[in-house]
Amino acid sequence: MGHDILPTYEKITGIRKEFNDICPRCGSDKETLIHALKDCPKAREMLVQGGLNNKVLEGSYSWCVDWIEDVARTLDKKAFSDLITMLWNIWNSRNNIVFRETEDDAKVTWDRAAALSWDFQRKQGWRKPDPGMVKINFDANTNGRRICFGVVARDHDGFVLGGRAGVLEKNVQAEWAELHALEESIKFAQTKNWTKLIFESDCVSLINRLNKANVDLSTMGYCIKDILKMLKQCCHFVFSFIWAPHCCNKAADLLCTWASDQNCITDFDMDYPLGIHDIILSDAIN
Ligand SMILES: [Zn+2]
């Protein structure tokens, strides 16, 4: 990127005059590097999905490196490293269209970038919460007309305090299923006397929505606002929502499978289902 040597269509036209320099993804502009990574609607969709604000996406640049330098001044180290990983994935996704004629959904690209970035930074699994905090991992699978969800709450030693797993008769898409799993997590937490909670999920888009609820004007955004209102009014929770890669959410994921076999909603305390024992143990000693 810095040396502007990636083989965009505009670059190739400089060598082979008969080559068409129009962007293969949107078809509406020359495919320069800055177009491919920032200005193309396809790239922009992925950057927005990744939670990058307007400040980063504003401005008109001729050279990609000028944009990168400006952005480097406004983002902190972690966010900047996430952005670079994102751009790498955007370029890969562009190559998939050019060479394989397949394109990933913006959300899939972002999930992949986030997981990759995480892998670079810390090779480890589930993380224990601080003393006094309860961490609740939740997950959901959709399976035809049903949602299977799993919720597991653990303390700072990684001991299971309780959880819930079950099946809901709803025909919804994956992100809505995750939201229903969060609702179940909250309802379960309300039956306990926990006050300081961390909700953890491997669904990037939902965690982004939860942390930016005030600017989310979609239908889901409104549902999330209602859920947050309920959380703030009914209890004295101190709570946060964090994302973790799939490898840190295995206990909740396994509970979804378990729930699918049971075909009912089950609450448990410390006597959690045996099927998740191995993963609970390895998370605790990690
Ligand atoms: Zn384009």
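Tutor: This is a predicted model.

Student: Is Asp 202 buried or exposed?

Tutor: Burial is judged by relative accessible area, with under 20% counted as buried. Asp 202 has a value of 15% and is therefore buried.

Student: Which residues is Asp 202 in contact with, leaving aside its neighbours within four places in sequence?

Tutor: They are Asp 139, Glu 178, Trp 243, Ala 244, Pro 245, His 246 and Asn 249. With one of these, His 246, the side chain of Asp 202 makes a polar contact of 2.9 Å.

Student: Let us turn to the sheet. In what order do its strands stand?

Tutor: Strands of a sheet pair through backbone hydrogen bonds, in either a parallel or an antiparallel sense. Here six strands make an open sheet with mixed pairing, and the order is β5-β4-β1-β2-β3-β6. Because β5 (238-243) and β6 (266-268) are the edge strands, each with a single partner, one side of each has no neighbour in the sheet. From one strand to the next, the twist averages 15 degrees.

Student: How many bridges join β4 to β5?

Tutor: Six bridges link β4 (residues 196-201) to β5, and the two strands run parallel. Within this pairing, Lys 196 stands opposite Val 238 of β5. As for what packs on the sheet, helix α11 (residues 250-262) does so, touching β1 (134-143), β2 (146-154), β3 (160-168) and β6. The direction of α11 makes about 135 degrees with that of β2.

Student: How does β3 pair with β2 and with β6?

Tutor: Both pairings are antiparallel, with eight bridges between β2 and β3 and three between β3 and β6. Cys 148 is opposite Val 167 in β3, while Gly 163 has Phe 268 of β6 as its bridge partner. β2 and β3 form a hairpin with five residues between them, and Gly 158 in the turn has a positive phi of about 85 degrees. Eight of the nine residues of β3 are buried, so this strand is largely enclosed by the rest of the structure.

Student: Finally, how many residues line the second largest pocket?

Tutor: The lining comprises 13 residues, of which Val 48, Gln 49, Gly 51, Asn 208 and Lys 212 lie nearest the centre. The pocket holds about 390 Å³ of space. Helices α3 (41-49) and α9 each supply at least two lining residues, and α9 gives the most, with three.

Conventions: Residues are numbered from 1 along each chain as its sequence is written. This is a predicted model: local features need pLDDT of at least 70, side-chain atom pairs count only at pLDDT 80 or more; totals for chains, interfaces and linings use all residues. Side-chain values use heavy atoms; hydrogens and water are left out. Two strands pair if DSSP finds at least two bridges between them. Helices (H or I, at least four residues) and strands (E, at least two) are DSSP runs, numbered from the N terminus. Axes are lines fitted to C-alpha atoms, for helices over the stretch in contact, and angles run from 0 to 180 degrees between N-to-C directions. Contact means heavy atoms within 4.5 Å. Buried means under 20% relative accessible area, exposed over 50%, partly exposed in between (1.4 Å probe, protein chains only). A polar contact is a pair of N or O atoms within 3.5 Å; within protein, one must be able to donate a hydrogen and the other to accept it, and residues adjacent in sequence count only if both atoms are side-chain atoms. On a 1 Å grid over the protein atoms alone, a cavity is a set of points where a 1.4 Å probe fits but cannot get out, and a pocket is an open set with protein on both sides within 12 Å along at least five of seven lines; lining residues have an atom within 4 Å of a point. Grid points are joined across faces, edges and corners, and a volume is the space filled by probe spheres set on the points.
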